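Hello,

Here is the structure I promised to hand over. Please open it first, then read the notes below.

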Amino acid sequence: KKKMFRKTVISTILATDLSRSSNVVQELQVMADERVEEHVEEWVHQLLPALLHAADTDHPTRPWVVHSAMSLRISEEFFAQSQQEAELGLPSLQFMSVPPVMEQIAPMQVSFLQFVVVPLWDGINQVVNGAFQERLDQIQVNKGKWQAEVQAAIAAAAPAEEEAPAEAAPA
């Protein structure tokens, strides 16, 4: 029992790694297709990692004011870490070097929601027979707000590009 507990804890924590997200989503799809109630004891070890991963990505299920504030805080943390890594001569992930301002993080947030959060929460929602539909709906609302941020940044940049003087052709 101690080994099983240890294995469950380790796999649950490792499931929060974004590189494993698609595996978690695939396991959720199997559970949804086969009805989890019928396999609770054997699937508890697969469901726990998904639930912890969902808790780790919970803020997109919250109202925009909470979600956007959390996104900025997380971006600030990533940015500070990338600066420290640069000072130490260590490699840093490109997305962590993005300045933590709305128009800069918006494209990343759209992708994060689309490719990580929505599939995860949709899978969990299917397993629990639609009990998390309101959370999934809120994710879509927040994704739409990030998409609007992207469009606003594009629109704000467009006039500046049009007003820039054209370079003279070499003679």
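Helices here are DSSP runs of H or I with at least four residues, strands are runs of E with at least two, and both are numbered from the N terminus. By that count the protein chain has 6 helices and 0 strands. Along the sequence the pattern reads α-α-α-α-α-α. Please keep in mind that this is a predicted model.

The chain holds 171 residues, and 29% of them are buried.

Next, a pocket. The second largest pocket has about 170 Å³ of space. Its lining is made of 10 residues. Those nearest the centre of the pocket are Ser11, Ala15, Val24, Glu27 and Pro49. Which helices supply at least two residues each of this lining? They are H1 (2-14), H2 (21-34) and H3 (40-56). By class, the lining has 4 nonpolar, 4 polar and 2 charged residues.

Then the surface. Phe5, Val9, Ile13 and Leu52 make a nonpolar patch of about 370 Å². H1 gives the largest share of this patch, with 3 residues.

Is Phe5 buried or exposed? Phe5 counts as exposed because its relative accessible area is 59%, and the cut-off for exposed is over 50%.

That is what I have for now.

Best wishes

How values were computed
Residues are numbered from 1 along each chain as its sequence is written. This is a predicted model: local features need pLDDT of at least 70, side-chain atom pairs count only at pLDDT 80 or more; totals for chains, interfaces and linings use all residues. Side-chain values use heavy atoms; hydrogens and water are left out. On a 1 Å grid over the protein atoms alone, a cavity is a set of points where a 1.4 Å probe fits but cannot get out, and a pocket is an open set with protein on both sides within 12 Å along at least five of seven lines; lining residues have an atom within 4 Å of a point. Grid points are joined across faces, edges and corners, and a volume is the space filled by probe spheres set on the points. Ala, Val, Leu, Ile, Met, Phe, Trp, Tyr, Cys and Pro count as nonpolar, Asp, Glu, Lys and Arg as charged, and the others, Gly among them, as polar. Patches are made of residues with over 30% relative accessible area and no salt bridge: like charges are joined within 9 Å, nonpolar side chains (Val, Leu, Ile, Met, Phe, Trp, Tyr) within 5 Å. Accessible areas come from the Shrake-Rupley method with a 1.4 Å probe; for residues, only the protein chains shown count as cover. A salt bridge is a side-chain nitrogen of Lys or Arg within 4 Å of a carboxyl oxygen of Asp or Glu. Buried means under 20% relative accessible area, exposed over 50%, partly exposed in between (1.4 Å probe, protein chains only).
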